[in-house]
Amino acid sequence: MSEHKTFYITTPIYYPSDKLHIGHSYTTVACDALARFKRMQGYDVMFLTGTDEHGQKIQDKAADAGVTPKEYVDKIVATVKDLWKLMDVSYDRFIRTTDDYHMESCQKIFTKLYEQGDIYKGEYTGHYCKPCESFWTDSQLVDGKCPDCGREVYDAHEEAYFFKMSPFADRIEKLLLETDYLRPKTRAIELVNNFIKPGLEDLCVSRTTFKWVIPVSFDEGHVVYVWIDALSNYITALGYENSRYNDFDHYWANNGDGEVIHMVAKDIMRFHAIIWPAMLMALDLPLPDHLAVHGWITFNGEKMSKSLGNVVDPFVLGERYGCDAIRYHILREMALGADSSFSNEIMINRINSDLANGFGNLVSRTVAMVDKYFGGTLPTERESAPIDDDFKACVTQLLAVVDGEIDKTRIKQALEAIFTVVARANKYIDETEPWKLGKDETKRARLASVLYNLLESIRVISALLAPFMPSTMPKVWEQIGASENDVKYEKLDKFGVLPE
Ligand code: ME8
């Protein structure tokens with residue numbers, strides 16, 4: 001891997017209509033773990049998150065609260081930033097769609113698409129779901145209700161601008177079916193069958209009825225309707241069509257020598273799998289490399305959501321269990337594509353079995369034995385045994401396995417691989433029975449070898465876990481006497497790095 005490869009990763013920009021919950025924390029923490037892993041590998045990383053602040057719903061919420069929309073979102077955005085601090089999220093940039101530079105770029109993008117003929121003026125007739133802020137056509141409704149949340153929709157008619165999607169249908173179909181853009185790819189067929197095969201419908205991209213939005217610069221009374229405003233954040237935040245930042249060529253248009261990944265949940269897959277590529281094609285820009293789509297965190301079988309009100313507050317959990325335990329739990333439970341149900345019980349079991357009994361036990365037993373038998377420093381005299389070879393191989397091969405999973409955005413599988421080696425290390429303790437060796441004066445060299453091998457396995461395991469549990473691992477390094485240098489990426493497929 002070249003030292004200069006770039007890695008750009010984004011979360012969705014969340015609606016600051018209410019406080020965020022553990023579902024939003026999942027996507028953000030998953031992106032954070034990937035960003036940290038890539039930084040550890042030496043990539044030049046840009047990790048973007050932010051908030052999507054316009055729209056009718058926020059306008060209404062602010063009115064209910066008796067404050068201006070800006071006052072309303074400012075307050076929530078402060079809690080969002082507090083949450084990412086609590087969760088140890090190492091974002092490099094935070095975009096707010098109310099930032100001047102974004103609004104200006106978004107207007108320019110809209111105007112450019114209009115002048116090129118990709119956006120035209122027409123009349124909108126359809127149905128609107130307020131909680132989801134989505135417009136639907138007749139054919140998209142399910143039993144006359146919103147296909148996403150199942151609630152009532154309202155009839156809507158008005159003069160509006162449309163983005164012509166059909167010219168891009170073939171390219172999008174190929175992108176979904178023939179490339180590694182969509183992860184997991186199993187969902188590509190469903191998208192193609194539901195949205196592309198029936199004929200890609202033009203997208204309504206303006207409204208006239210609400211005020212808390214970006215105005216269309218060339219037509220007073222029209223405002224940019226959500227998806228152009230929201231999706232363009234991924235490039236305006238790098239400086240596309242603005243002078244606030246100058247990173248667009250570096251992180252986005254750095255063709256072939258960089259990677260761009262968006263992560264979202266399935267609720268907004270369609271926008272990122274179809275509309276966003278179409279916008280980029282119309283703007284004649286390179287496409288992102290991957291769209292990683294995860295399922296929903298559910299609670300009693302239903303999607304956890306602000307509008308359903310069945311949310312788990314990450315602040316409460318964080319204070320009770322600590323941020324790393326929660327990070328570990330959500331990352332370990334959720335696989336790309338599938339839903340994952342949340343309960344305190346599952347979380348506590350997971351923390352007890354993997355973190356306390358598995359990894360915690362490995363570290364505390366090993367460190368206690370080094371103390372008990374050797375006063376904290378191993379003698380240099382050693383004696384290896386054939387049984388060591390398989391164990392060492394397991395440890396030195398782990399890096400390649402984890403790298404492979406991370407490259408495919410398979411975080412759960414990466415953690416599973418690491419915990420297989422945790423179990424293997426605990427098994428090595430049972431096999432070598434150091435407590436018996438400790439009773440026999442003639443076995444001191446053998447005992448020292450066993451404990452050294454265990455310390456080495458902990459060095460590798462903890463370094464690989466650090467992107468997922470960033471605050472705990474430095475404490476482990478202190479306990480095993482590992483320096484910053486010992487836990488560098490280049491040293492994780494080697495054995496014998498800790499000082500003898
Ligand atoms: O959709 N399980 O914002 P949003 C897992 N502003 N992830 C969940 C989740 C759950 N129960 N609930 C929310 C928007 N999420 C738009 C996005 S992007 C250009 C614009 C996460 O506040 C998940 O990542 O409704 C989902 O896609 C996102 O929050 C939706 O956040």
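Helix α13 (residues 344–374) packs against helix α15 (residues 411–432) at an angle of about 45°, and their axes are 10 Å apart. That angle makes α13 oblique to α15. Angles under 35 degrees count as roughly parallel, over 145 as roughly antiparallel, 65 to 115 as roughly perpendicular, and the rest as oblique. Axes are lines fitted to C-alpha atoms, for helices over the stretch in contact, and angles run from 0 to 180 degrees between N-to-C directions. Helices (H or I, at least four residues) and strands (E, at least two) are DSSP runs numbered from the N terminus.

This is a predicted model, in which local features need pLDDT of at least 70 and side-chain atom pairs count only at pLDDT 80 or more, while totals for chains, interfaces and linings use all residues. Residues are numbered from 1 along each chain as its sequence is written, and side-chain values use heavy atoms, with hydrogens and water left out.

The ligand has 25 residues around it, of which Ile13, Thr27, Asp52, Ile297 and Met304 come nearest. A residue is near if one of its heavy atoms lies within 4 Å. The table lists polar contacts, which are pairs of N or O atoms within 3.5 Å.

| Residue | Protein N or O atom | Ligand atom | Distance |
|---|---|---|---|
| Thr27 | side chain | oxygen | 2.7 Å |
| Ala265 | backbone | oxygen | 3.0 Å |
| Met304 | backbone | nitrogen | 2.8 Å |

On its own the ligand has 670 Å² of accessible area, and the protein covers 96% of that; such areas come from the Shrake-Rupley method with a 1.4 Å probe. Elements giving two or more residues to the shell around the ligand are β1 (6–14), α1 (22–40), α7 (226–231) and α8 (233–236).

Two loops have backbone features of note. The peptide bond from Arg183 to Pro184 is cis, with omega near 0°, and Pro184 lies in the loop between β7 (182–183) and α6 (188–196). Asp88, in the loop between α3 (69–86) and β3 (93–96), has a positive phi near 60°.

Note on methods. A polar contact is a pair of N or O atoms within 3.5 Å; within protein, one must be able to donate a hydrogen and the other to accept it, and residues adjacent in sequence count only if both atoms are side-chain atoms.
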